[in-house]
Amino acid sequence: MISLNYRDARPIYEQVRDGLRRLVITGALSPGDKLPSVRSMASTLAINPNTIQRAYDSLEAEGYLYTVAGKGSFAAPRSDVNERRRSELQGVFEQAAAELIWLGATAAELSRRLTALEERRKTT
């Protein structure tokens with residue numbers, strides 16, 4: 001499910017958050033799927049429950065999860081991912097694309113990569 005790299009410079013909660021986000025994005029967690037409880041995931045990963053809670057809170061703020069009191073946390077429907085996150089990612093994309101172009105990549109190369117990503121996404 002999620003693997004942690006203790007040599008990674010990123011904090012553990014960010015690694016958990018990014019791992020869960022990847023599971024939602026790739027469809028490994030379908031909308032409405034229940035996530036493990038904070039205690040359960042903390043026990044599985046052998047880390048502090050507060051670390052898991054921080055990752056869950058961050059993902060909920062981004063719109064990838066929602067919580068039902070007394071029931072737990074669930075993967076959010078795609079439509080619930082907020083516009084702020086989309087805008088933030090578009091900014092990151094534009095910066096990366098600008099740097100790639102500066103490094104000699106062509107618009108056609110970037111377009112081919114986007115098309116390949118879209119095709120890969122359709123088959124998964």
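With which side chain does the side chain of Glu-62 make a polar contact? The partner is the side chain of Arg-21, at 2.8 Å; a polar contact is a pair of N or O atoms within 3.5 Å, where, within protein, one must be able to donate a hydrogen and the other to accept it, and residues adjacent in sequence count only if both atoms are side-chain atoms. The structure is a predicted model, in which local features need pLDDT of at least 70 and side-chain atom pairs count only at pLDDT 80 or more, while totals for chains, interfaces and linings use all residues. Residues are numbered from 1 along each chain as its sequence is written, and side-chain values use heavy atoms, with hydrogens and water left out.

The protein chain contains 5 helices and 2 strands; these are DSSP runs numbered from the N terminus, with helices (H or I) of at least four residues and strands (E) of at least two. Along the sequence they follow the pattern α-α-α-β-β-α-α. The C-alpha trace spans about 50 × 35 × 25 Å along its principal axes. Of the 124 residues in the chain, 31% are buried; buried means under 20% relative accessible area, exposed means over 50%, and partly exposed lies in between (1.4 Å probe, protein chains only). Contact means heavy atoms within 4.5 Å. Among contacts between residues at least 6 apart in sequence, 45% join residues at least 24 apart.

Just after the helix, Ala-46 takes a positive phi of about 55 degrees.

Helix 3 comprises residues 49-62. At its start, a side-chain oxygen of Asn-48 reaches to within 2.7 Å of the backbone nitrogen of Asn-50. The buried residues of helix 3 are Thr-51, Ile-52, Ala-55, Tyr-56, Ser-58, Leu-59 and Glu-62. They cover an arc of only 160 degrees around the axis, which puts them on the same side of helix 3. Helix 3 is followed by Gly-63, whose phi is positive, near 95 degrees.

The last topic is open space. Rolling a probe the size of a water molecule over the atoms shows where empty space is left. On a 1 Å grid over the protein atoms alone, a pocket is an open set of points where a 1.4 Å probe fits, with protein on both sides within 12 Å along at least five of seven lines; lining residues have an atom within 4 Å of a point. The largest pocket has a volume of about 1200 Å³, a volume being the space filled by probe spheres set on the points, which are joined across faces, edges and corners. Of the 31 residues that line this pocket, the closest to its centre are Ile-25, Tyr-64, Leu-89, Leu-117 and Arg-121. Helix 1, helix 4 and helix 5 (107-123) are the elements that give two or more residues to the lining. Helix 4 gives the most, with 9 residues.

Definitions and conventions: The expected span of a helix is 1.5 Å times one less than its number of residues. The arc is that of the directions from the helix axis to the C-beta atoms.
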